[in-house]
Amino acid sequence: MANNSLVYSNARVKAMENSFLTNEKIVRMAYSDSLEEGIKILQENSYGGGVVIEGNDYESLLQAEDKRISEFMLDAMPKGVGMESFLIKNDYHNLKAIVKGKYMRLDSIDFMLMPKGMIDIAEMREKVLSDDYSALSPTMSKAIEDIDFARANGNTSPRFIDVTLDKACYNEIMATLAKAKNSAIKTYWQTNIDLSNVSAYMRCKKIDAFDVFKESFIEGGLLERRFFDGDIVEKLAYSEYSKFAEALREGDMVAFERQWDNALINIFKEKRNDIFSIAPIAGFYVAKKIEIKIVRMICILLKNDVDKEIIKARLRELYA
């Protein structure tokens, strides 16, 4: 993308940033007396582009907002600098839904889908259902073929589908970034991979299922597989992820996940005003995705009438 086009896209981002929920609005939502009151705050902020919903259908609002920012990303992102990686993640999520729908004979998978990534969802579904993977990427095709082979040999576990496609997803993302050579986006994905592996390790350790962790370990991060032999908490204290050690030492996964999201936002936040870089676009997209996750969490907790202090403990830093 030409420099002036990048400047134009970043100017569009600045206008889009007005759609962020402020800290004050998030706190108001968290302390709402009801889910209906919380949804009203979203509607006042034109969440989802002002889409009309029935009753307390907050999920339709969030899906509309997610679709809005994904479409913006497709339209505005500069090509060849690695920003495609964010939308590749959508593609693999949708592929999981399609493959599971195919083998579990589900009538509808719409509730499982994310907005379109780099591949049209209807086209992807048509190819997968007809066993024609030629139009998909080589990495994606190989992963589906591995799943087909495993199923033909009796492995019908949905978890195998998840693990196989997660690994393929990150392989494709890192291959894309190797060509793009954008350090900030590479740092984002390496951080995400490492913290995903840490989270998986802690969950598997709790149920004494280290073999499950070894099977699901994702390559591509800074922490190699051997790092996870033995207790990793003290090792983390002397690594680039030292700030996560205390939460893990105390077994506080809520604090760990909050720090995780904050770390991802901060990768782009420092250069959010640099109109000659991709930081404003990438930072907007990442922050919006995390904002949607926070709003979904608040809505679920409000729906279940959870104590307000528990909700407040799960809030993150905001980009706004």
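Reply: Contact, or touching, means that heavy atoms lie within 4.5 Å of each other. The model is predicted, and local features need pLDDT of at least 70, side-chain atom pairs count only at pLDDT 80 or more, while totals for chains, interfaces and linings use all residues. Residues are numbered from 1 along each chain as its sequence is written, and side-chain values use heavy atoms, with hydrogens and water left out.

Helices here are DSSP runs of H or I with at least four residues, strands are runs of E with at least two, and both are numbered from the N terminus. Setting aside residues up to four places away in sequence, tyrosine 133 touches Lys102, Lys127, Val128, Ser141, Ile144, Glu145 and Asp148. Glutamate 54 is 79 residues from tyrosine 133 along the chain, and their C-alpha atoms are separated by 39 Å.

An α-helix has 3.6 residues a turn, so residues three or four places apart point the same way.

Arginine 105 is exposed, with a relative accessible area of 72%. Another residue with such a backbone angle is lysine 181, a residue other than glycine whose phi is near 60°. Lysine 181 occupies the loop between helix 8 (158-180) and helix 9 and is exposed at a relative accessible area of 70%.

Helix 9 (residues 183-206) packs with helix 13 (residues 253-269) at an angle of about 170°, their axes 9 Å apart. That makes the two helices, helix 9 and helix 13, roughly antiparallel. Axes are lines fitted to C-alpha atoms, for helices over the stretch in contact, and angles run from 0 to 180 degrees between N-to-C directions; angles under 35 degrees count as roughly parallel, over 145 as roughly antiparallel, 65 to 115 as roughly perpendicular and the rest as oblique. Among the residues of helix 9 in this contact are Ile185, Tyr188, Leu195 and Met202, and those of helix 13 include Phe256, Trp260 and Leu264. The residues of the contact of helix 9 with helix 13 comprise twelve nonpolar, five polar and no charged; Ala, Val, Leu, Ile, Met, Phe, Trp, Tyr, Cys and Pro count as nonpolar, Asp, Glu, Lys and Arg as charged, and the others, Gly among them, as polar.

Leucine 222, in the loop between helix 10 (210-216) and helix 11 (233-237), is partly exposed at 45% relative accessibility. Not counting residues up to four places away in sequence, leucine 222 touches Gln190, Asp194, Glu240 and Tyr241. Isoleucine 193 is 29 residues from leucine 222 in sequence and 8.4 Å from it, C-alpha to C-alpha.

Serine 70, by contrast, is found in helix 4 (residues 58-76) and is buried at 1% relative accessibility. Apart from neighbours within four places in sequence, serine 70 is in contact with Leu87, Asn90, Pro115, Lys116 and Tyr285.

A disulfide is a pair of cysteine sulfur atoms within 2.5 Å, and by this rule the count comes to zero. The sulfur of cysteine 169 has its closest cysteine sulfur in cysteine 204, 19 Å away, too far for a bond. Cysteine 169 is buried at a relative accessible area of 2%, and cysteine 204 counts as buried at 8% relative accessibility.

Key
Buried < 20%, exposed > 50% of the residue type's maximum accessible area, 1.4 Å probe, protein only.
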